[in-house]
Every structure is written in C-alpha cells, then in structure tokens.
Amino acid sequence: MQQRQDHWFRPAAPHSDLAWQQSADGWLRLAVTLDGTTRSGRSSALDPDTAPMREWYDAAPVPPGGSGPEFFSDRIHRLNDLATQGVAANDNPHEDTRGLEAVPVEGLRYGLPSGFPATLGVSRSRDGILLDIPLSTPRGEAVRVMGLGEKTGSLDKRGRTWVMWNCDEPVHSPEKSALYQAHPVVYLWTPGGTVTLFIDTMATVWFDVGEAEPDRLLIEIYDNRFDCYLRTDESLPEAVESYSALTGRIPLPPEWALGFQQCRYSYFPEERVLEVAQKFREERVPCDVLYLDIHYMDGYRVFTWDHRRFPEPDRMVQGLRDQGFRVVTIVDPGVKTDVDYPVFSSGLEKQAFLTRPGGELYVGKVWPGDAAFPDFSRPATREWWARWHKTLFDAGVAGIWNDMNEPADFTGDEVLRVNFTVPDDLVAHNEGEPVSFGRVHNEYANGMNRATRDAFLQYRPEERGFVLTRSGGTGVQRYAAIWTGDNHSWWEHLTMMVPMFLNVGLSGAPFVGGDAGGFQLNADAELYRRWIAAAAFTPFFRAHSALDTRDHEPWSFGPEALETARRFIGIRYRLLPYLYTLFEEASRRGTPVMRPLLWEFPQDPRVASRADSFLLGNALLVAPVREPGVQERSVYLPAGVWYDFWSGERIDVPRQPDGSGAVVVGNAPLDRIPLYLRGGTILPHEGLRQHTGETGDGVLRLLIAPDAEGRAQGTFYGDAGEGFGYCAGRFWRGSFSWDGSGLRTESRAGESGEDLRWTSLATAVCPGTSGELNPEAESLLDLPHGESRLSLPWA
Ligand code: GLC
C-alpha cells in the first residue's frame, strides 16, 4: 500500500466529538459525530428489539481540546456538498488509492481491557477516520482476524486490505475484495480471548489487516457519523453471541427452506418447470423448492408475469405445491421506466425512487434497460414496495429471492461491469435525514429485504416467510438468508466457499450458502459431484446455473453423478432434525450452523486458521474434496474419538503434548467425501423423505457416538416446522445424554410436543471397534436402530 506524503493533513481531531460509552452487557462504544450534528442513535444495523433496551453511560473521560468542524474529511465533505450543490461524481471506491497515513490524536489511545492490552488509536486520514489497533499480544501469540462477512481468501483475513462496499462483482477472483455484502466486524482471536470490533456505518469502510504493517489493523471509515463498538470475550462463541445480540439474529426459518432447492437462469416456460419437478420425483431426488429467475416476468418488469410463458401462474404453483414443491421468485429493485407500467408510474407518483441531488429521477440500467431504483430508506417506499408482492403471493409464491440489490447498475461499463452500482451523490431519504447515497450505500439491500419481510407479515401472517438476498449490510440476517452470488464452476470456488461461509456465519449471518455446482460456466460430472456432496452440509443448499450453461440438474451429468446427488441430498434430508435444531439455536443465540474447527477446539494449535474442513454444528466434520482426480485426502482430526461416517470405524486420536490431534487419510472415491462423527455427541436424524411436506415414518432416530469414557450428549429442538405455534410454546427443546448404558432426556423449555411429527424414538450406538458397520449399510445413519426403552419425552 502506498503511503502518501501530501498536503491534506489537517489539525488534530476535535476531541469533543468523540465520546466513549459503556453498556452494562460489556460493550464499549466510541460515538463519532464529526459533522456538527448529534447522532440520532438510529442505526439500521442494530436489532430494534434489543437495541433500545441497552443503556449506555459515559465511560472514559473525554479528552479536552478540539477545533470544530474542520475534522470533516475531504471526501465526506465532498459527498455532503454534492448532495446540496447538484454536482455529479462517482469515484470508484474499489480502487485502493487511499492514503493511510495516520495523524495520531493525542490522548486518544484507548487501552483495551482484554487478554492483550492493545490500544485503539483514532486519527484522521485523507478520506475519513482511521482507527489503529495493534495485532500483537505481549506474549507474542498470533492474533487471528476473522469476520468481515462475505470475502474471498482465507478464514484468517490477515495480510490483505478489505473494503466494505456492496457491488455487483461478477468474477470472484482472489484479488477481489468488494463483493455483495458489507459486514464491518472483526474478531481478534487468540486462544485466551476474543476482541470484537464493529463499525456501525453503512458507508465505505476499509480494513487493512496487517497489509501495510504486519502487526497493525488499520480501519478507515468514510463517514462522519458512526459508532465503533468494542468488547472482549473469553471465547469466539461468546463473542459471536454478543455480537448477534447487538445486530440481531435470524428468524426461525420454515423447515422447507432447509431442504434442497433447485434454480436456473431461467426455467421457462411452465412446461419446463413442471418437467424439472416431475424428474425430481421420478428420480427420487429429494427437493423442496424450485426457483423462477427473471424470465417469468413480462420484459423484466418486477411484479409482473409473462403470461405467454406462464399462462396461469396460480394453477402452476398450486400444481407444484401438490407435489411438495414451493416456488420462489426473483425480485430485482430496478423498475423499468415505462410510464404504462403501474409499478413505475405509481412509484413516480409516490416519489419512491432515488433522485439526483437536484431532485431529478436517477435512471440507471439493469435487465429491463432503463430503470429507476426505489429509495428503501424512505418508509413510504418500503410500504409501497411491500404491497406489490401481492401479485406474487396471489399466485401462491412461497418465498422471495431479492437479487441485484447492491444495487447493481450497468451504467458504469456494461462490458467490464466496473463500479457496477449507482452513483454516491444520489440523495437518500435516510428515514427523514437526507444524505448522499454513498453514506448509506451498504444499507440499500437491508431496506429492500425489510420491505419484503413486511410483505410477508402483511399477506402471509400465518407463515414464517422466506427471503433470500444477494446483498446486505450489518443486520441483514434479521430479514433474509444470504447466497453468495455469481460464483463460477471452478474448483477454486468450491474451495473458497468454506472460508467464505464460515466468516459470513461468524459475522452474524448463519443462514448462508452458495450456488452449488457453480453459477457461471459449465461444471463437469466430477466437479458437480464433489460440490453437491460438500454443499449438502452448508446452511443454505441450492443449485443454480447461469444462462447459456449446460443443464445442471442432478440427472444432467450421467447416472453416477445422479446417484451421488441422490445420496448426499438424501443425507441432508435425513439430518434435518439435527439441522433444524442448529437453526433454532442460531435464531436464539446467533450460533453459526457451519463452524470453523477452532469454534469447538480453541486450544488445538493446529486448527486456528484451518478451513479445509468444517463442522456442521458440533458433531459432524465435513472434509470437501477440492481438486479433481483424487480418491483420498488428508483430514486433520483434533484429539478425541471420531467415527468414520461411511465405514463406522472408530478413530482414537491421542492428544499431543501441545494439545493437537492428528492427520488421517480419508477415503474419498467419487461418490463420497470424508465425513466424521465426533465422539461424545448424539446426532438426531430420521428416515428419508422426498420433501419436507411428507410426514415420514414418525421415528426420531438418535445416533449415539460415545467418547473415550463411553458418554455422549446432544440437544434437540422440534416444532411444527412452519407457522408461529412455537411462539406459544408448541415446541420441545431439550437434551439427550448417554452414560454408556442408558439414555436420559431432559426438557429444557417448551412443554408441548403436539406439533412434532415423530411418534417414537429409536437409538443406535456407534460401533466400538473398527469396521463393525453392517455391510448393507451406506453410512452410520443406517446402523440398526433399536426402539428405545424411553418413550418420546414429549409424548
Ligand atoms: C444475477 C444473479 C443470478 C441470476 C441472474 C439473473 O447474476 O446473481 O443468480 O440468475 O442475475 O437474474
């Protein structure tokens, strides 16, 4: 990174604009208001249900001195001026041309009360405010840096600079930093403690994580009014729980949203959709959701149907529903500027769209050609937008897929797709405090997703609703699940999905997945098989493929690939009781469904930045195969007892003196990937269903995996899988424990199992010696299950 030596240095910051506060639940907050205003306290990043309950009181004394509004950064100045003067500008904020030379502000080094007594420096940079935090501890331990949401690269984000700036980046090559999501939160992790640092702004933020200097974290914020939140916790799980308490948690999804989902750009006409549905059922590949991409619309006009392709959408959707499929439709924010199109004309009338500083409508370009962009930071626009969903809900659509909501705008350069978003100098209503759009850029998708959630509340109050989004800012998880956009059918992207999803989960958004099989270009059978096998264990599980690619359905790659897809999608369905339990925990505590090894094994020195495998919950270790032509791969197993998911073999991994485990070779023929069940856990699962609407055989199965002492423990949550009965206590949450001879259950909450679909309980205990699995069995899930002596605990 270039250090600049130039003229833009200004006198030190006006100290009076910086105030430290503290909350009873352990947060420190540095409130920065540099624009002469006082912060209203409004922040769309914070969970509105919990934020008002948190009381803040002044912490450290505010240092004296200061020289007033001079502290504006040049860029912020410019953005504000532009809004009032009507000057157009569209800097490319992806370009790393910033100067990061800090102007230390005397007295503003703040000691962090953590395991490592770092200090926080606050200063002014050319374009914003600079925070400066050492990445070293007195004992010289390595500080890992995780979080930052959806980024390329490794689990540990050190050594690079990352920008928070949502844009439609179509090629996720390793050097790319700005993708579709902005999560300005980092966890500075050591085995002894975690420091969480969150910048509450929807403007651009740069994180130089040890690039300029290896042991320094420099955070540059292009905003003049933001809060910096800091806290220390003893562990990463506690840190993530605290962070999600601040920024919110996912709503409990309907069970069907955890099933397999098939998408394509685009399935049309109706006959093609029905054909795909039929094929899933004929081939016995479980599936719950089919997607309609942009071709279902009339000339890409949102909230319309192309009636030549889909003559009677409600009849088609109902027909699919009868076969156990839900339909999810895409919705883009760009509204075609066609005066005969009611969405546009009503939007114009309601002043619902983003304008240029002079008040003139901003017209960009997206799929329908010229398009206007709703200003979702205006409550009336959100209401207006929510109402249009009636056209989709009337047809029976079950979920909404919000795409292009960075927002994508092809005006910049249609070929290179450079700077593919709307200009910074548009005016955003900002809930009644108008600002340049650049200041709230990363909030755009949250506003859209919020309007979609409101539409569900309005039109489908009995349903939990399902919203999928490409873009989002902090707090997006309160409204939508995330898919990570336009990846490629490359082995590199199969590899990259693991650290990317892990960091999205740590950044507060556990409901995350990517286009299985790869979106752009063509997968071959081997890549498709490996990808489906790994993606089956990711929180959101959808296959998708771009226009002009070959067919990418489970049967499109020949009989062997079909068999592999059937197997892994089947395992996904059999594990739904476990997955659902994990999602319920995520909705209550923010816990990631997909976890890095260090989440469960923080004292193991060999897992700290490992993302060549991951954990689904605490029980299952998944080791994706990430290159062609291999039939085995090495897998690192932390110390303890593990069971090979396929052979049933018990693997005792001794603890090394430094606390580490061992590398084993996992067998990985094309129809398997290495999977290990962790000793000491109990895995709830069930018989195969073709979709979640089937009741199944009514048997809840528990797979008991004893640890070295012969014990095991597992939690379980169940409810109706849809609707809000669970809010009235109609659920069962509790734990099972195994002491070597018998199973004990303990109900922790919820009294009623009346909505649960299981009528009996069966248990199986993992074999204690190698190779005891029944040769007929496919996996540990097929161990013969005996009826338990216990009846269902909720019966
Ligand atoms: C965008 C989306 C992709 C979708 C396409 C057409 O590229 O990321 O998923 O298929 O637009 O709507």
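This is a predicted model: local features need pLDDT of at least 70, side-chain atom pairs count only at pLDDT 80 or more; totals for chains, interfaces and linings use all residues.
**Entry: H172**

I then listed its contacts, leaving aside neighbours within four places in sequence. H172 touches T152, L179, Y180, T484, G485, D486, N487, H493 and M496. With Y180 there is a polar contact, side chain to side chain, at 2.9 Å. I also took a C-alpha distance: H172 and E492 are 320 residues apart along the chain, and their C-alpha atoms are separated by 9.9 Å.

**Entry: whole chain**

I noted the totals for context. The protein chain has 795 residues, and 64% of them count as buried. Its secondary structure amounts to 13 helices and 42 strands. I took the contacts between residues at least 6 apart in sequence and found that 74% of them join residues at least 24 apart.

**Entry: β6 and β12**

I checked how far strand β6 (residues 129–134) is enclosed. Five of its six residues are buried, so β6 is largely enclosed by the rest of the structure. β6 runs antiparallel to strand β12 (residues 216–221), and six bridges join the two.

**Entry: the nine-stranded sheet**

What is the order of the nine strands in the open sheet with parallel pairing? I read the order as β25-β24-β23-β20-β16-β15-β14-β27-β26. At the edges stand β25 (512–513) and β26 (515–516); each has a single partner strand, so one side of each is left without a neighbour in the sheet. Within this sheet I looked at β14 (residues 261–262) and β15 (residues 289–292), which pair in the parallel sense over two bridges. Q261 has V289 in β15 as its bridge partner.

**Entry: T549**

I moved on to the loop between β27 (542–543) and α11, where T549 lies. T549 has a relative accessible area of 12%, so it is buried by the cut-off of under 20%. Not counting residues up to four places away in sequence, I found T549 touching R264, F519, Q520, L521 and N522.

**Entry: α11 and α12**

How do helix α11 (residues 559–574) and α12 cross? I found that their axes come within 5 Å and cross at roughly 60 degrees. That angle makes α11 oblique to α12. The residues in contact are R572, Y573 and R574 on α11, and L576, P577 and L579 on α12. By class I counted four nonpolar, no polar and two charged residues in this contact.

**Entry: the six-stranded sheet**

Helix α12 (residues 576–589) also lies across β28, β29 and β30, and runs at about 95 degrees to β29. I traced the open sheet of six strands to which these belong: the order is β28-β29-β30-β35-β32-β33, and the pairing is antiparallel. Its edge strands, β28 (594–595) and β33 (650–653), each pair on one side only. I then read the pairing of β29 (residues 614–616) with β30 (residues 620–622), which is antiparallel over three bridges. F614 stands opposite V622 in β30.

**Entry: α3 and α4**

The contact involves E270, V273, L274 and A277 of α3 together with R315, M316 and L320 of α4. Its composition by class is five nonpolar, no polar and two charged residues.

**Entry: α5**

Which residues of helix α5 (residues 342–349) are buried? I found V343, F344, S346 and G347 to be buried. The buried residues of α5 pack against β17 (335–336), β19 (369–372) and α6 (379–388). After α5 comes Q351, and I noted its phi as positive, near 50 degrees.

Terms used: Residues are numbered from 1 along each chain as its sequence is written. Side-chain values use heavy atoms; hydrogens and water are left out. Two strands pair if DSSP finds at least two bridges between them. Helices (H or I, at least four residues) and strands (E, at least two) are DSSP runs, numbered from the N terminus. Contact means heavy atoms within 4.5 Å. Axes are lines fitted to C-alpha atoms, for helices over the stretch in contact, and angles run from 0 to 180 degrees between N-to-C directions. Angles under 35 degrees count as roughly parallel, over 145 as roughly antiparallel, 65 to 115 as roughly perpendicular and the rest as oblique. Ala, Val, Leu, Ile, Met, Phe, Trp, Tyr, Cys and Pro count as nonpolar, Asp, Glu, Lys and Arg as charged, and the others, Gly among them, as polar. Buried means under 20% relative accessible area, exposed over 50%, partly exposed in between (1.4 Å probe, protein chains only). A polar contact is a pair of N or O atoms within 3.5 Å; within protein, one must be able to donate a hydrogen and the other to accept it, and residues adjacent in sequence count only if both atoms are side-chain atoms.
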